[in-house]
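Subject: Handing over the structure

Dear colleague,

I am passing this structure on to you, and below it I have written down what was found. Please read the notes with the structure open beside them.

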Amino acid sequence: PPPQASPDNLGGESKAGSEDPSWAKQSLRRKCECELCKSGKATTHNDDSHDQSLDQTIPVAGIDLRFIGGTTKCARTMIRYFEKKFYGSKHLHGKKVVEVGSGTGLVGSCMALLGAEVTLTDQSYVMEVLGFNLEKIGEKAKEAKRNFKVNTKEHVWGTDTKSLTPCDIVIGSDLIFALEGIRPLVKSVTDMVRESQKIEGKKVEVYVAVIRRFKWEELYFKLMEENFDSEAVVKEGDIVVYRYTWHGKGGGVVSLEQKTESKTEPKEESSKTNEEKDGQAQN
């Protein structure tokens, strides 16, 4: 297997070059202020595994890659899973992967180095740093004589996804951090899978890495269950990677109407359902 990006193996600090953004050597604040941490519940949100530096070097599919803008623990957990699952095989060769909420590009880059053709998407303000990282990673991949087929597209969750289909796999990590973004996110994922299966006539897989911070995140799981079966394939501390497959019982449609959703505590049975799923994860 390739070198792993473990929580205590983030490669240390990189040397900032003259072309780097001015903020490249800075770090985000370390103290988490999410609902769980404020309530006093034990989490790993503030430990060293959540590296908040904005300049990281991480081994990805056998190559040390530098990411300006930093990476999340969810993303690092996800690439370890993909490396274990796909490294050394040809399973991803020719597969079209779409990443939603790509950020600095860690997970999408990993899938590309593992053989997939990857479209990394995010909002317009992310494109500069994403493009910067992908250009440098492409140079490293060329030096290592590795395939690295990537492109980027702006995409706001909840908007049209036709330019992103057909695809074979949809991926995303650490995405459910804002209540108002949950419905648009699930709509984009649902639309891509539904349309891809219409065009290609085959099953599309979805992988999403989640870290729990707020009780209202339960809405994400409720909406996904309307059209997908879920399986927790990895559990690492507070983080779970879910694999979703289509059943379409919800008609393959997700409304953007916010209805009566609030930040109050979900029903007890709903919370238990998700805890039971998490308990099935394979470490």
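**Aromatic residues**

Tyr220, Phe221, Phe228, Tyr242, Tyr244 and Trp246 form one aromatic cluster, where rings of Phe, Tyr and Trp (its six-membered ring) pair if their centres lie within 6.5 Å, and planes under 30 degrees apart count as stacked, over 60 as edge-to-face and the rest as tilted. Before going further, please note that this is a predicted model, in which local features need pLDDT of at least 70 and side-chain atom pairs count only at pLDDT 80 or more, while totals for chains, interfaces and linings use all residues. Residues are numbered from 1 along each chain as its sequence is written, and side-chain values use heavy atoms, with hydrogens and water left out.

The structure holds eleven aromatic pairs. One of them is formed by Tyr81 and Phe82, which are tilted, with 5.6 Å from centre to centre and 50° between the planes. Tyr81 counts as buried because its relative accessibility is 13%, and Phe82 counts as buried because its value is 0%; buried means under 20% relative accessible area, exposed over 50%, and partly exposed in between (1.4 Å probe, protein chains only). Phe228 and Trp246 form an edge-to-face pair, 5.2 Å centre to centre and with 85° between the planes. Since Phe228 lies in strand 8 and Trp246 in strand 9, this pair ties together parts that are 18 residues apart in sequence. Both Phe228 and Trp246 are buried.

A ring also takes part in another arrangement: the charged end of Lys136 sits over the ring of Phe132, 5.8 Å from its centre (this requires NZ of Lys or CZ of Arg within 6 Å of the ring centre and within 35 degrees of the ring normal).

**The sheet**

Helices (H or I, at least four residues) and strands (E, at least two) are DSSP runs, numbered from the N terminus. Seven strands form an open sheet in the order 5-4-3-6-7-9-8, with mixed pairing, and two strands pair if DSSP finds at least two bridges between them. Its edge strands are strand 5 (149-154) and strand 8, each of which pairs on one side only. Neighbouring strands are turned by 20° against each other on average, direction ignored.

Strand 3 (residues 96-99) and strand 6 run parallel and are joined by three bridges, and Glu99 stands opposite Ile171 in strand 6. Strand 8 and strand 9, in contrast, run antiparallel and are joined by eight bridges. Two residues lie between the strands in their hairpin, where Gly237 takes a positive phi near 65°.

Which residues does Val170 touch, leaving aside those up to four places away in sequence? Val170, which is placed in strand 6, touches Val98, Val189, Met192, Val193, Val204, Glu205, Val206 and Tyr207, where contact means heavy atoms within 4.5 Å. Val170 counts as buried because its relative accessibility is 1%.

Twelve of the 14 residues are buried, so helix 2 is largely enclosed by the rest of the structure. These buried residues pack against several elements, including strand 1 (55-60), helix 3 (106-113) and strand 6 (169-173). Gly88, whose phi is positive, near 85°, follows helix 2.

For helix 4 (residues 127-143), the 17 residues should span 24 Å at 1.5 Å a residue, which agrees with the 24 Å between its end C-alpha atoms. Its buried residues are Met127, Val129, Leu130, Phe132, Asn133, Leu134, Ile137 and Ala141, and they pack against strand 2 (63-68), helix 3, strand 4 (117-122) and strand 5. Helix 4 is followed by Lys145, which has a positive phi near 55°.

With best wishes

Key
Axes are lines fitted to C-alpha atoms, for helices over the stretch in contact, and angles run from 0 to 180 degrees between N-to-C directions. The expected span of a helix is 1.5 Å times one less than its number of residues.
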